[in-house]
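Here is a friendly tour of the model you have open. Keep the 3D view handy and follow along topic by topic.

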Amino acid sequence: MVVAIIDVALHLPGCSSLKEKRGIVKALIARLRRDLNVSVAEVGDQDEWQYCQMGVAVIAGSEVGARKVAQQVEKIVYREYRVEPVSIAVDVTAPEPR
């Protein structure tokens, strides 16, 4: 089992309210969950109108599989025209064998 944690920092330049931000972020989270079956949560900058910090978790059978899903997460984020990715960091780990 391999776990990939993806930290996504976003700028939402067109947002003028928290309500508008929530709509964009919820749609992006729903798409990631639906298309890739990953766990996603907004984990930071929740009171900022134009910034969002998201965490994505992937569990796969191999490091290659985890990295492929992480790349797909990046593609979906970059395709969302309403957000500008500030940074995307991927950390892949595997538990110690027993």
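A polar contact here is a pair of N or O atoms within 3.5 Å; within protein, one of the two must be able to donate a hydrogen and the other to accept it. With that in hand, please note that this is a predicted model. Four strands form an open antiparallel sheet, and the helix α2 packs on that sheet. The buried residues of α1 pack against β1 (2-11), β2, β3 and α2 (63-79).

**The sheet**

- The strand order is β2-β3-β1-β4, with antiparallel pairing. β2 and β4 are the edge strands, each pairing on one side only. From one strand to the next, the twist averages 20 degrees.
- β1 and β3 are joined by 10 bridges in the antiparallel sense. To find this pair in your viewer, look for A9, which stands opposite Q53 in β3.
- β1 also pairs with β4, again antiparallel, over nine bridges. Here V8 has I88 of β4 as its bridge partner.
- The link between β2 and β3 consists of five bridges, and these strands run antiparallel. E42 stands opposite M54 in β3.
- β2 and β3 form a hairpin, with six residues between them.

**Helix α1 (18-36)**

- Does the length of α1 fit or depart from what a helix of its size should span? Its 19 residues should span 27 Å at 1.5 Å a residue, and the end C-alpha atoms are 26 Å apart, which agrees.
- The buried residues of α1 are K21, I24, V25, L28, I29, L32 and L36. Seen down the helix axis, they fall within an arc of 130 degrees, so they line one face of α1.
- The face turned away from that buried side carries the exposed residues K19, K26 and R34.

- The side chain of K21 reaches the backbone oxygen of Y51 at 2.7 Å. That distance is where the 3.5 Å limit for a polar contact comes in.
- Beyond its neighbours within four places in sequence, K21 is in contact with L12, C15, E42, D45, Q46, E48, W49, Y51 and C52.

**Helix α2 (63-79)**

- α2 has 17 residues and reaches 24 Å from its first C-alpha to its last, close to the 24 Å expected at 1.5 Å a residue.
- Its buried residues are A66, V69, A70, V73, I76 and V77. These cover an arc of only 120 degrees around the axis, which puts them on the same side of α2.
- On the face of α2 turned away from the buried side you will find the exposed residues V64, K68, K75, Y78 and R79.
- What covers the buried residues of α2 includes β1, α1, β3 and β4 (84-93).
- In packing on the sheet, α2 touches β1, β3 and β4, and its direction makes about 170 degrees with that of β4.

**Two residues with positive phi**

- N37 follows α1 and sits in the loop between α1 and β2 (39-44). Its phi is near 55 degrees, a positive value in a residue other than glycine. N37 counts as exposed because its relative accessibility is 69%, and exposed means over 50%.
- Where does D45 lie? D45 is in the loop between β2 and β3 (51-60), in the turn of the hairpin that these strands form. D45 has a positive phi of about 55 degrees, although it is not a glycine. At 37% relative accessibility, D45 counts as partly exposed.

**A look at S39**

- S39 lies in strand β2, and it is partly exposed, with a relative accessible area of 49%.
- Which residues does S39 touch, not counting those up to four places away in sequence? They are G55, V56 and A57.
- S39 and Q71 are 32 residues apart in sequence, and their C-alpha atoms are 15 Å apart in space.

Conventions: Residues numbered from 1 in each chain as written. Predicted model: local features only at pLDDT ≥ 70, side-chain atom pairs only at ≥ 80, totals over all residues. Heavy atoms only, no water. Buried < 20%, exposed > 50% of the residue type's maximum accessible area, 1.4 Å probe, protein only. Expected span 1.5 Å × (residues − 1). Arc of directions from axis to C-beta. Contact = heavy atoms within 4.5 Å. Pairing = 2+ DSSP bridges. Axes fitted to C-alpha atoms, helices over the stretch in contact; angles between N-to-C directions.
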